[in-house]
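Have the sequence and the 3D view open as you read.

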Amino acid sequence: MTDPTVSFVVPAKDEQASLPATLASVRDQRTDREYETIVVDGDSDDATPAVARRYDAAVVHQPQAAADGGTGFAPGIGDARHRGAERADGDWIAFVDADTVVRPEYLDSMLGFARREGLAAASSRCRLVGPARAKAMEATINHAFPRLDRPVLPGFNCFVRRDAYFETGGFPDVPNEDTAFSRELGREWPTGYHPDVLVATSGRRIARSGLTGTLYHYLKLDWRRLRAEY
């Protein structure tokens, strides 16, 4: 295979139930471009690594042993995404989660949009599967995040140019890692949102991901501009 244009990076821990749908959606991209798939396995107790290999994904191991002098801290999803990025060979890196399904046109649509708009990174509108709380967060992601001065790019759907990713420092291993990365990236690089719904994801991670916890803060920072545009 020639060097891939895009590397899909999928963090996964004990995801044997949902991972097949994710990897099948990545495998079934309608594109003539070369791309690769990398699953970062966080010491799963189930068959997650075997599922990844069944879909011809490269597997990167993320040890979960205490990494902070025995205090009990274990690496999180920010660390997993970054390990995958370090393994990736693509000029662009597409971060999706193990409970996220991408549409067949995702790769070409996101790549074309980012290049056409001169963006270093992008997300897209999404569909969240779950209870009412998930639908409320879906509306926030689709309508509020794109309007921020530095849009929040959810970690489950983040398409970023390789050089911009590493110059920014990548996903930090902290709470709200996708918000922290998005805001830092947006300081130096143009980012934006594809207007089409290109992914569907479970709402189960939203509360844990930190998106809701930081929404009020960033909306308040950008409120004057948002109000002026309505």
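## A pair in helix H7

At 53% relative accessibility, Arg 187 counts as exposed; here exposed means over 50% relative accessible area, buried means under 20%, and partly exposed is anything in between (1.4 Å probe, protein chains only). By salt bridge we mean a side-chain nitrogen of Lys or Arg within 4 Å of a carboxyl oxygen of Asp or Glu. Both residues sit in helix H7 (residues 177–188), three residues apart, so about one helical turn separates them.

A quick word on the ground rules: this is a predicted model, where local features need pLDDT of at least 70 and side-chain atom pairs count only at pLDDT 80 or more, while totals for chains, interfaces and linings use all residues. Residues are numbered from 1 along each chain as its sequence is written, and side-chain values use heavy atoms, with hydrogens and water left out.

## The whole protein

Let's zoom out. The protein has ten helices and eight strands, which are DSSP runs numbered from the N terminus (helices: H or I, at least four residues; strands: E, at least two). Of its 230 residues, 53% count as buried. The accessible surface comes to about 10,500 Å², and carbon and sulfur atoms hold 48% of that; these areas come from the Shrake-Rupley method with a 1.4 Å probe, and for residues only the protein chains shown count as cover.

As for contacts (heavy atoms within 4.5 Å), take those with a separation of 6 or more: 76% of them link residues 24 or more positions apart.

## More salt bridges

How many salt bridges does a search of the whole structure find? The count is eleven. Side chains of opposite charge can pair when their charged atoms come close.

One of these bridges joins Arg 81 and Asp 97, with 3.1 Å between the closest N and O atoms. Arg 81 lies in helix H3 (residues 77–87) and Asp 97 in the loop between strand S4 (92–96) and strand S5 (100–102), so the pair ties together parts 16 residues apart in sequence. Arg 81 is buried at 2% relative accessibility, and Asp 97 is buried at 4%.

Asp 89 and Arg 87 make another bridge, at 3.9 Å from N to O. Asp 89 is partly exposed at 47%, as is Arg 87 at 36%.

## The nonpolar core

A nonpolar core is a set of buried Ala, Val, Leu, Ile, Met, Phe, Trp, Tyr and Cys residues joined through side-chain atoms within 4.5 Å. The largest one has 58 residues, and Phe 8, Phe 95 and Tyr 106 touch the most other members. Helix H4 (residues 106–117) supplies the largest share of this core, six residues.

Leaving aside neighbours within four places in sequence, Phe 95 contacts a list of residues including Val 9, Ala 85, Phe 156 and Tyr 165. Arg 81, from the salt bridge with Asp 97, is also in contact with Phe 95.

## A buried asparagine

Is Asn 142 buried or exposed? At 8% relative accessibility, Asn 142 counts as buried. You'll find Asn 142 in helix H5 (residues 132–144). Its side chain reaches the backbone nitrogen of Cys 126 at 2.8 Å. Not counting residues up to four places away in sequence, Asn 142 touches Ser 124, Arg 125 and Cys 126.

Definitions and conventions. Polar contact = N/O pair within 3.5 Å; in protein donor to acceptor, adjacent residues only side chain to side chain.
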